[in-house]
Protein chains: 2
Amino acid sequence: MTSRHKSCPPLPAELRLDRILHGECVEVMRGLPEGSIDCIFADPPYNLQLRGELRRPDESVVDGVDDAWDKFSDYGAYDSFCRDWLSEARRLLHKDGTIWVIGSYHNIFRLGTILQDLGFWILNDIVWRKANPMPNFRGRRFTNAHETLIWAARSPESRYRFNYQAMKALNDDLQMRSDWYLPLCTGHERLRNEHGLKLHPTQKPESLLHRVILASTNAEDVVLDPFCGTGTTPAVAKRLGRHYIAIERHPDYFRAALARLALVECLPSDQLAVTPARREQPRIPFGTFVENGALPAGTILSDRQGRLKACVAPDGTLVAGKQRGSIHKMGALLTSAPSCNGWTFWYFERDGKQVQLDVLRQESHAARQVS
Amino acid sequence: MTSRHKSCPPLPAELRLDRILHGECVEVMRGLPEGSIDCIFADPPYNLQLRGELRRPDESVVDGVDDAWDKFSDYGAYDSFCRDWLSEARRLLHKDGTIWVIGSYHNIFRLGTILQDLGFWILNDIVWRKANPMPNFRGRRFTNAHETLIWAARSPESRYRFNYQAMKALNDDLQMRSDWYLPLCTGHERLRNEHGLKLHPTQKPESLLHRVILASTNAEDVVLDPFCGTGTTPAVAKRLGRHYIAIERHPDYFRAALARLALVECLPSDQLAVTPARREQPRIPFGTFVENGALPAGTILSDRQGRLKACVAPDGTLVAGKQRGSIHKMGALLTSAPSCNGWTFWYFERDGKQVQLDVLRQESHAARQVS
DNA sequence: GACCCGTCTGAATCTAACC
DNA sequence: GGGTTAGATTCAGACGGGT
């Protein structure tokens with residue numbers, strides 16, 4: 001990529017850098033000069049359409065998002081809102097600039113379609129796999145354990161920046177994949193008010209922004225966040241030696257972001273080094289081997305002596321007589337033991353020999369390159 | 001969910017099950033009866049932005065790749081094609097039916113938007129994390145290591161099927177998350193022609209369909225795949241004891257699918273069962289245990305901490321002070337909770353120990369199985 | 001200080017059968 | 001079809017207090 005700082009005329013006088021601006025995002029963006037931004041990160045309202053109160057099994061109430069800023073009358077209103085701010089975003093982007101947007105299934109398909117329709121060129125969709133998502137309390141869906149980011153260049157012709165080697169280094173010298181495993185923003189990082197309540201319902205973790213900014217910008221590039229909330233994007237940008245412009249409408253969030261930024265210092269330039277990636281523990285559910293046909297449903301397992309037998313069901317449970325349960329539970333049940341490691345207890349037949357279940361897991365670990 | 005097989009009039013004579021149909025998907029779908037399908041899996045053509053040559057869904061080549069109008073017209077043509085087949089899909093779906101679509105960032109945002117606009121209700125977006133994705137050779141993007149599935153009900157009011165316990169069992173007794181780690185279709189599973197070349201460019205792994213079908217259908221449900229390719233969906237459906245209707249246009253794929261299905265056998269019905277939903281187990285009224293003397297009238301129940309007490313009345317209600325009601329209502333009343341599961345809330349004394357009420361019910365279920 | 005245990009919480013479109 | 005009620009339903013991680 002030819003950097004803006006090399007290929008373009010000097011910045012217009014009206015672009016003052018490293019500021020958080022208080023106001024409506026589209027209005028404020030209209031006041032910024034065309035082509036002046038290298039990278040945009042945007043975390044717009046999700047239009048969640050939540051219907052009622054949700055309680056955990058222990059009857060405690062989930063403190064969900066019920067703020068007015070997330071409510072839209074219908075898809076049309078949401079689309080119109082997004083076309084407006086994304087059009088402004090495209091005007092502000094340098095011709096080689098890129099944009100990141102984050103969302104969930106409620107809104108990400110609208111965002112992706114509008115990006116494509118406006119002429120952006122999608123480079124990747126990235127999955128933020130949450131280490132500690134909220135469970136599905138009613139057991140009616142899969143646990144919603146991820147959010148999606150779209151990374152797009154201003155146009156198909158953009159010679160965009162991608163710090164390939166930095167991403168590879170961040171991932172133990174393997175190419176960085178499109179699925180990122182990161183924890184939620186909790187603990188001390190989560191900003192709280194004087195009552196100890198979260199200040200913002202959806203504060204993003206700095207680790208996420210760290211990876212985004214490190215991947216797609218250079219030091220001294222200009223990063224814009226039109227919905228900056230409590231200031232995660234400008235905070236990480238500042239720490240990593242990038243310039244920032246951030247916009248926030250809500251006075252509480254705006255004040256919190258100002259205070260937060262005052263405490264952030266830019267890393268010395270010789271320390272803008274990568275942080276090590278957290279590797280996930282590879283855990284392989286037994287059901288995996290039923291799905292992939294290594295142990296198809298109907299297979300008979302036995303214990304080492306061949307005295308106890310059980311049949312594999314399509315969902316990875318074992319069945320013996322009228323009883324059904326996991327490999328561990330059934331091992332315990334049939335031996336009247338308080339507990340049992342099903343991986344080492346059960347055997348299956350392969351090439352006429354009895355093979356311990358755990359062998360499958362070991363083989364799978366060996367084959368598995370990236371967790 | 002009330003199954004189609006219980007709540008609906010008999011299938012029209014024209015719905016002949018367990019067939020692969022040769023033809024254009026929309027045309028063939030038009031010939032099938034409304035509301036006759038329980039679940040649809042669709043892997044439509046991705047078709048966009050490939051190798052500088054753009055093709056419309058009808059395979060005609062779009063020229064003028066650099067022309068903005070043609071790009072728009074290409075998205076428009078793709079959208080129009082998808083609105084057509086998704087509208088037919090919605091007509092065919094039973095009111096409580098669900099649909100799965102799979103795609104990549106090239107098309108999944110168009111699909112998601114159209115699904116929402118047509119009135120489908122998204123339940124989850126699922127990320128298929130590929131165990132062995134193709135690396136990014138040019139080092140200009142993140143390794144594209146996943147595809148996205150959208151799971152949606154026909155409408156927000158659909159009482160859709162989700163085999164929660166089976167999915168939990170498949171994942172070592174933890175809720176199944178929205179990110180699935182599965183290998184690509186390779187090796188013996190990959191269909192090849194006489195030259196050893198892969199027969200279909202994007203054959204999906206059976207493990208993916210196993211999870212999809214197990215999660216969202218019952219045995220004997222009807223599964224439709226409008227773009228069945230080499231027949232992965234009908235093959236897994238048949239093995240798992242589901243009915244199928246599959247559509248394929250390309251004669252080579254159609255023939256391969258026919259040959260493949262001829263070799264697939266359905267699992268014996270006693271091996272098809274998965275962990276049942278507790279909701280679907282036979283209900284046992286609490287009063288049963290008062291009648292049969294297991295908990296005679298006059299028995300004192302307490303909560304787990306032993307702080308709240310209530311007395312069992314002859315009709316199976318509980319009495320505390322001036323208040324009387326079901327085990328659930330009294331648990332809710334005494335804790336000021338909006339609701340309460342009395343089975344797990346109340347304890348009684350047996351052999352000097354506090355035993356949860358639900359244990360009685362479990363013992364009764366177990367006894368019922370044996371008899 | 002180390003460890004255990006109980007408590008709290010997170011972008012959530014979160015019930016279904018019966019009368 | 002609407003209202004009522006039975007009863008199904010949670011995982012990881014941070015934090016704080018007690019041993």
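Keep in mind as you look around that the model is predicted.

Let's start with the inside. In soluble globular proteins, nonpolar side chains tend to be buried together. Here, the largest nonpolar core has 69 residues. Residues of both chains are found among those with the most contacts inside this core: A:Trp85, A:Ile99 and A:Val101, along with B:Trp85, B:Ile99 and B:Val101. Helix 3 of chain B, residues 68-92, supplies the largest share of the core, with 7 residues. There is also a second, separate core of 65 residues, and A:Phe345, B:Leu182, B:Leu214 and B:Ala235 are among its members.

Now zoom in on A:Trp85. Setting aside neighbours within four places in sequence, A:Trp85 is in contact with residues including A:Cys25, A:Met29, A:Pro44, A:Leu111 and A:Phe227. A:Ile99 and A:Val101 are also in contact with A:Trp85.

Next, find strand 5 of chain A, residues 146-153. Because 8 of its 8 residues are buried, this strand is largely enclosed by the rest of the structure. In a regular strand the side chains alternate between the two faces of the sheet. You can follow this along strand 5 of chain A: A:His146, A:Thr148, A:Ile150 and A:Ala152 point one way, while A:Glu147, A:Leu149, A:Trp151 and A:Ala153 point the other way.

Which strands pair with strand 5 of chain A? One is strand 3 of chain A (residues 93-103), which pairs with strand 5 in the antiparallel sense over 6 bridges; here A:Thr98 stands opposite A:Ala153. Another is strand 4 of chain A (residues 121-130), which runs antiparallel to strand 5 and is joined to it by 8 bridges. In this pairing, A:Arg129 stands opposite A:His146.

Technical notes: Residues numbered from 1 in each chain as written. Chains lettered and ligands numbered in written order. Predicted model: local features only at pLDDT ≥ 70, side-chain atom pairs only at ≥ 80, totals over all residues. Heavy atoms only, no water. Core = buried A, V, L, I, M, F, W, Y, C linked by side-chain atoms within 4.5 Å. Buried < 20%, exposed > 50% of the residue type's maximum accessible area, 1.4 Å probe, protein only. Helix = DSSP H or I, 4+ residues; strand = E, 2+ residues; numbered from the N terminus. Contact = heavy atoms within 4.5 Å. Pairing = 2+ DSSP bridges.
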